[in-house]
Structures are given as C-alpha cells and as structure tokens.
Amino acid sequence: MKRVQYKKPRIGLYSTGLEAYWAQFPGLRERLLTYNRFIEINLAKSCDVSNFGLVDTVLKARKAGDWFTEQQVDIIFVHAATYATSATVLPVHQHCSAKVILLNLQPSPQLNYDETNTAEWLANCGACPVPEFANALHRANISYDVINGLLGLSETPVCTKSDENTSHMPEAEKAWKTINEWVQAARIKRNLQQATFGFLGNTYSGMLDLYSDFTMLQAQTGIHIEVLEMCDLQALQEYVTTSDVAEIEQITQDMFNIAEDSPSEKLAKKPSKEQLAQAYNVAATQQKLVEERGLDALAYYYHGAPGNAYEQLQSDFILGHSLLTANGISCAGEGDLKTAVAMKVCDTIGVGGSFCEIVVTDYKEGTILFGHDGPFHIDIAEGKPALRGMGVYHGKQGSGISVEAKVKTGPITLLYLTQTVEGRLKWIISEARSTDGRIMTIGNTQTPVKFSLHPDEYFDALFKEAPTHHCAMAIGHNAGVFTKMAQLMGTEFNVI
C-alpha cells in the first residue's frame, strides 16, 4: 500500500514599501528585500511560495493581485517591511480574494538608539502602517488577521546598526508558530477541496446526528462525494490475486499482534485462520476499490437481510479500513461522512485522526475513555495494536475481526464536525492528554483522555455544542491549526 501524498498549499508573499524612500535612503530597498527573502525561505520548507517581492506603487499592487490570482494562492502574507500607504496594499486584495495575513515582524528587538538614523528606523517601523492597512481592508469589507512579533533572523546583517539575531526569542518563536499554523490550515483546505470521499452503503439507521446533505458538505468543505454500492465492492473480489492477499497478510503481521482470547469478553477471541484469510481478502478488495475510484477517504456501513453476501462482506471491513486509514485514506464507520472529514483533516497534517466516540468515564482517574470498534489510525498507536476475533459487533449484524488499541500517551486533540440548526458545519475542538491508564480487552479501540476540566465539566461544555457522537482523535495540540482552518473555510468553530 502506498501512503497518500498530500498537495502543498500555495502561499503568496509580498513586502510593503514606499517608492519615494529608495532615492532618499540608498540600500533600504535591498535590505527590505533581504528580509522578504528570509521569510520566503522559511515558508518554502512547508509550502509552495509565490513571492512578488516589494509592492511600492498602486500599479504594482494591481499587478500583484492579478498575479496571485493566476498562482491560485490560498493565503497572502503581507510583510509590513516599512511604512507604505494603504493605497499600495488594498488593490492587491481587491484583485485577489485569498485570505490576508499581515506580518508585523520587526527585525530588531531594540534599536541602537545612539547610532540609529532614519534609514535604520524605517527598516524597523513595520508596525507603523499596520493600522492604516487594517482600516482600509476593514472598510473594503476584506477580512484580515495580524501576526505580531520578531522576524527571527539567526544573524545580524552587516548593514544593520542594531542586533537582529532574534531566532531564539519567544516573540519570534510565537510569530513563526502562528505563521506555520496558517500554512497548515491552508494545506488542509487545499487538500479537502481536491478530495473524493466515497460513501459506501448507508448510514446506520436511526443515528440522526450523522445524517447530512451531500450538497451542503461539498458546498462548505469542497469535497466531492462518490456514492458507492456494495456490489461495486463485491465485483472487485474476483480480481484479487494471491499476491494481493499475501501483501496484505505481510502488512498485517508487521503492524499488528494477533491477540489471544480476551480474559474478560467471551465474544472476543483469538482470530481463526479462516477469519484472518477472509479479512485479508476483503482488505485487498477494499484497496482495489480505493484505487479504481480514486478515493481519498471513505464513510461506510451496510445493513441488509441477515446472512446475505453483503452482510458477510461488511463484517470484514475493519482490518482493511484500518490499513487504509494508516495510509491516508481516512475511513469512518456507520456512514459518518462528517467524521470522515474530521479524520481527513487530521491526517492531512500528519497527526493521525482515529475514529472515536465516548466509551465510559473513569471518575477515580479523572479520565474519559474514547474509542470504537474500528477503524483505528495505526500510525498513532501506543505500541503494537492487536487483532481480535469478534463473535458479534455490538448493535450490528455479523462477526469478524476487530482492532484493539490505544492512542500513544501524550498531548492529543479531539476534533468533532457537527451541524447547526441553520445547516452550517461547526467544528468542536478540545485539547487534552491521553494517559497510560487501563483499557478493556473487548476488541475495541480505547484511549483514556484527561482534560483540564473535570469529566462532568467537560461534558457540560461539550453537550451544549450539540456534537455528533463520533469524533477524530489526533496526536499533539492542534487547536491553533484547526481554528485557522475553520476561518479559512468560513465555518463555525468552538474550542473547549
């Protein structure tokens, strides 16, 4: 299986200036372009940069806006390099509708007052025009954000009279953390807008929180939804070869432990050879479906007459969908498209995205267990996940193999995608820590999660937001990225 390769975001960059300064202060223009190039080099580590350079006239502003539109940039970073009139900034964003982020990044933390001349001051006065830029953008009904701090150079240029080595300073570190969060948010938006989500089967009957309008989802996230039938999957089984199955078996042996019988759940047993063989075959079939339809994610569930062929096929979904999820094809059970989107968001920035719901509260430990019967994102597992044979999937028909695992101990983020009464998508974001607490051995994924709030206080806050009952669990604290993603997409969000 090949890991999904995500597209880099496209970021626009230009620096502000006033054309009248260049003749008055020789070398200032070149110095500001050095700062501009420094920002470009740092951005280029994680995105494709379209750098226009200095915009110092209205004519250049119009050209820059048209050029950024041609480059299809996701964000434009406006480096406030020195004073400039807002008339040289506003046209850029009237010609290009990309998100505007003003960068007020001062090169030096403190001027060398005894030696500073006008040119030196002008190279450090980036904050001076920001109110003017903000006012013009606001009155033109163009939204913007501002990042304030230090530029973060690692050495002082020869032409400078003040110390500009600020890479180690918190004001530089915070500024670049925020910049990178916007880049990551743009990465998510760009990849969602080019993603195809499969919807296989149907939504679990009666789970009203999961139901969503496909057109609404495409309108607000940009995803395309391909409706699939179980016969589409079954038809591909005849093309599965012994080498396909052998590859899946080897991957499974590398990724999982084959568990023995559960000490507590008689329905959870060591998988039989027959169960494993069937799961390998179905996993190979699922891989072919993904490749044939060009899927980037999948929401799935099937309920039909007991004992029919499709019921047997869906009983063996969890292994294959866990393998796909680990390779960037986010798979959500019970037909939950919204959570498939949340999982895909997490995977796009490399922090996992495992299918979860509230399992139980441990009041003695102050934790809440989150998990499901699968699929699981193997990349973020604590240790090696286990496979167990399941005599029954609770609340569903059929039996097969399930994943027993927990997310690695450390900082995590829960990402819910729900829907408001107005038909708008809303993200609910919670940062917490996964602990090394105990879990049940019943063939399900489970992770004990400790919030800064008491479990009941967390529930009070969460349930007021009217969430869906599933969410995606990611490693790391990612609220900064997810809130910016929501802003870029024009969707609601709330952080608990």
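**Note on aromatic pairs, a surface patch and a pocket**

1. Tyr-14 and Phe-68 are both buried, where buried means under 20% relative accessible area, exposed over 50% and partly exposed in between (1.4 Å probe, protein chains only). Their ring centres lie 6.1 Å apart with planes at 35°, so this pair is tilted. Rings of Phe, Tyr and Trp (its six-membered ring) pair if their centres lie within 6.5 Å; planes under 30 degrees apart are stacked, over 60 edge-to-face, and the rest tilted. Tyr-14 sits in strand β1 (residues 10-16) and Phe-68 in helix α3 (residues 58-71), so the pair ties together parts 54 residues apart in sequence.

2. This is a predicted model: local features need pLDDT of at least 70, side-chain atom pairs count only at pLDDT 80 or more, and totals for chains, interfaces and linings use all residues. Residues are numbered from 1 along each chain as its sequence is written, and side-chain values use heavy atoms, with hydrogens and water left out.

3. The protein has 16 helices and 20 strands. These are DSSP runs, numbered from the N terminus: helices are H or I with at least four residues, strands E with at least two. The C-alpha trace spans about 85 × 50 × 45 Å along its principal axes. Of the 496 residues, 56% are buried.

4. The aromatic pairs number 14. Another pair is Phe-199 with Phe-214: centres 5.2 Å apart, planes at 65°, so edge-to-face. Phe-199 belongs to strand β6 (residues 196-201) and Phe-214 to helix α8 (residues 214-221), 15 residues apart. Phe-199 is buried at 7% relative accessibility. Phe-214 is partly exposed at 30%.

5. One aromatic cluster is formed by Phe-370, Phe-451, Tyr-458, Phe-459 and Phe-463.

6. On the surface, Val-359, Val-360 and Met-440 make a nonpolar patch with about 200 Å² of accessible area together. Patch residues have over 30% relative accessible area and no salt bridge; nonpolar side chains (Val, Leu, Ile, Met, Phe, Trp, Tyr) are joined within 5 Å, like charges within 9 Å. A salt bridge puts a side-chain nitrogen of Lys or Arg within 4 Å of a carboxyl oxygen of Asp or Glu. Val-360 lies in strand β12 (residues 352-362). Val-360 is partly exposed, at 40%.

7. Thirteen residues line the largest pocket; Asp-362, Glu-365, Thr-367, Leu-369 and Arg-438 lie nearest its centre. A pocket is an open set of points on a 1 Å grid where a 1.4 Å probe fits, with protein on both sides within 12 Å along at least five of seven lines; lining residues have an atom within 4 Å of a point. Strands β12, β13 (367-372) and β18 (445-450) each supply at least two lining residues.

Notes. Accessible areas come from the Shrake-Rupley method with a 1.4 Å probe; for residues, only the protein chains shown count as cover.
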